Amino acid sequence: MSSQKNYQMFLAVVSGLAGLLYGIDIGIIDPALPYLNRSTSLSEGQLSMVVAAVLAGSILGSVVAGALADWLGRKPMMVVSALMFVGSVAVIYLSQSFVPLMLGRLLQGMSGGVIAVVVPLYLAECLPAAQRGRGVAVFQFMLTVGIVLAAFVGNHYLGNAELEIQAAGSDQQRIVAAADHAWRSMFLTVMYPGALFFLGCCLVSESPRWLIRNGRPEKARAALARLLPPAVAETEFDEIGNALAVERARPKTSPVAAAMEMLTERRYVLPFILACIILGCNQATGINSVLQFMTTILQKAGLDPVAAAGYGTVIKILNSVMTVVAIVLVERKGRVFLLKLGTGGIMVSLCLLALLFYRFESQRVDVRAEVAALVKDNRLDFNLADARWAGQGAVQLSILYQYGDHQQVAEAYTPTEASQAVLKRAADVVQALPAGQRALLEQAQLAWSGRGAAAAAEPAQQLIATLPPASREELNAALRVHAAQHVQVQAAGAAAGQAPLRILRASVGPTPSRATGLLAVLCIAGFIAFFSIGPGVCVWLALSELMPTRIRSVGMGVALLINQGTGTLIAGAFLPIVGNYGFHVMFLFWTACTVVYFVTAAFFLPETKGKSLEEIERLFARA
């Protein structure tokens, strides 16, 4: 294998690590969020802000990334993005309150914003036209691998945390400590890929196009010699020089004038608008919110936490597999074909999800006044099975409450048919025990459901720990069913005895079945598969290929700003909207946005497969 092929492979590895970090940015919050919620006093709005902070940080990073990449070079900005990622992990791990946690997530997002602008730009300017599609697709593939890696890291610490939480019984201090350790460890683990990316960035050459534009032709020749055979490298050098000469023949303009030129000259306006629509609609499909809240969505659809996390991981692996398919097809079928296929499939998947959730969300009833009436001594403590709603079959109760400035969500469920079977198996285990142990466990069942003295729970937990594994698992499963019916809300720490308990929202409705949850898994899997094979890969190509050289850095920054701004608004509003109006409303909104995406790809986007950047620029100049 020639040295040029080796170097192209090395570039693919470095760009893959960049995509890996960007995927980790997106994916790590999904498994960390439940434990972050358990170990902190963040409100529903603050949790949404923590999720959205990465996207908000991406906006800040993308705004300056293009201009700084023009000034300092592509390679230095890649190094900076790696340093920001490593620094962000340290800040998040050490944070003890909302503000430093937000700052760490913002810094993590800024790293992703710089990566998303500079790495596709760098690859587009370095790789030959025949390799550019697959090279940029590797970035997207490793982005999906980063999401999968984050899921596996989360599942590892989820398993350890759940064991510790079960062993803690009713010891709230141990439960909070286990949850706190879990989410911090998840973030700390992902520092290592950031360190590898930093090392890789130090070893790559600068973009030859940037070197020529900045008066360093000999270094540009050397960079091209690492990438291409000598004859091809010389031809490429001449073509870049000729295109630059034509550009420089035009009058020089200030950054403000260049921006105005981007918005007024047809040769720039059309590719700029197309890139902005594609980048905006890419986020408006809901992809980041689906990835970041996937476990939550699947639990709301009817799966238990462990099953939701497991199926979520499988779906994220599917994301990577379908990205490989897209990498194979992108240079064969072209960008437009894959975008039409992908957006069409996304529309169908989102419509099915909206219908699925509407079936049970439309039956939810507002019970805020009735729940507020149950508040006594500034606390809420009752068993859902004792409420009048229990006679309506398997139901779920969702409560948004507030103590002072802190908001939290509490949920409770009456047993489904599957849960009733769990309770029956546990009852058989209890009946087989000696009378003294049986009485202890029966008292503990009352404590776990909120109907008896809490002191009975701890000795029962100690007894369960001594039983054979099969019996222990059955009783622990029953414990979770009992606990799921118990609604217990009371202030802790400084808020205890001071801040009044306010019930902001409470609704009750049917509990979706496991079959409904599995249908949601299939619909989300379809959504992810179609996104991966179309928009997932093609969006980065559109970002780097459509922009002419004269406006590429500024135009890419603006387009990515729209992309990340859209994603930030959606992620920040997600929890409040689904809490008040239901998941089906979000799915319908994303469907409408995907229709715009499909129309743009099908009727307005030109095919750029196999064309050099200079050829694409001439295509728009003739339009």
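Predicted model: local features only at pLDDT ≥ 70, side-chain atom pairs only at ≥ 80, totals over all residues.
The contact I wish to start from is that between helices α16 and α17, where Ala326, Leu329, Val330, Glu331 and Lys333 in α16 meet Arg335, Phe337 and Leu338 in α17. Contact here stands for heavy atoms within 4.5 Å. Helices are DSSP runs of H or I of at least four residues, strands are runs of E of at least two, and both are numbered from the N terminus. The residues of this contact comprise 5 nonpolar, no polar and 3 charged. In that division, Ala, Val, Leu, Ile, Met, Phe, Trp, Tyr, Cys and Pro count as nonpolar, Asp, Glu, Lys and Arg as charged, and the others, Gly among them, as polar.

Residues are numbered from 1 along each chain as its sequence is written, and side-chain values use heavy atoms, with hydrogens and water left out.

Two packed helices are described by the angle between their axes and the distance between the axes. How do α16 and α17 pack? Helix α16, residues 305–333, and helix α17, residues 335–361, pack at an angle of about 125 degrees, with their axes 7 Å apart. The axes are lines fitted to C-alpha atoms, for helices over the stretch in contact, and angles run from 0 to 180 degrees between N-to-C directions. The two helices are therefore oblique to each other; angles under 35 degrees count as roughly parallel, over 145 as roughly antiparallel, 65 to 115 as roughly perpendicular, and the rest as oblique.

Helix α16 also holds Thr323. At 0% relative accessibility, Thr323 counts as buried. Buried means under 20% relative accessible area, exposed over 50%, and partly exposed in between, with a 1.4 Å probe and protein chains only. The side chain of Thr323 reaches the backbone oxygen of Asn319 at 2.7 Å.

Next, Asn155, which is found in helix α6, residues 129–168. What does Asn155 contact beyond its neighbours within four places in sequence? Its partners are Ala309 and Thr313. Asn155 and Thr313 are 158 residues apart in sequence, with 8.5 Å from C-alpha to C-alpha. Asn155 itself is partly exposed, at 26% relative accessibility.

Leaving out residues up to four places away in sequence, Thr295 touches Asp30, Ala308 and Ala309. Thr295 is buried, with a relative accessible area of 12%.

Asp30 leads us to helix α2, residues 29–39. Of its 11 residues, 8 are buried, so the helix is largely enclosed by the rest of the structure. The buried ones are Ile29, Asp30, Pro31, Ala32, Leu33, Tyr35, Leu36 and Ser39.

Leu36 also brings us to the nonpolar cores. A nonpolar core is a set of buried Ala, Val, Leu, Ile, Met, Phe, Trp, Tyr and Cys residues joined through side-chain atoms within 4.5 Å. The largest has 135 residues, of which Leu36, Phe197, Ile524, Phe574 and Phe587 touch the most other members. Helix α5, residues 98–126, gives the most to this core, with 12 residues. Apart from it lies another core, of 20 residues, including Leu384, Val395, Ala499 and Val508. As for Leu36, residues up to four places away in sequence set aside, it touches Ile29, Leu42, Leu47, Val50, Leu101 and Trp183.

A further buried threonine is Thr568, at 15% relative accessible area, in helix α25, residues 552–581. Residues up to four places away in sequence not being counted, Thr568 touches Ala52, Leu55, Ala56 and Ile59. The C-alpha atoms of Thr568 and Gln283, 285 residues apart along the chain, are separated by 9.0 Å.

I turn now to backbone geometry. Most residues other than glycine have a negative phi. Where is Asp377, whose phi is positive? Asp377 is found in the loop between α18 (368–372) and β2 (380–383), and its phi is near 55 degrees. In that loop between α18 and β2 lies Asn378 as well, with a positive phi of about 60 degrees. Asp377 is exposed, at 74% relative accessibility, whereas Asn378 is partly exposed, at 29%.

Finally, the chain as a whole has 27 helices and 6 strands. Buried residues make up 54% of its 623 residues. Among contacts between residues at least 6 apart in sequence, 80% join residues at least 24 apart.

Terms used
Polar contact = N/O pair within 3.5 Å; in protein donor to acceptor, adjacent residues only side chain to side chain.
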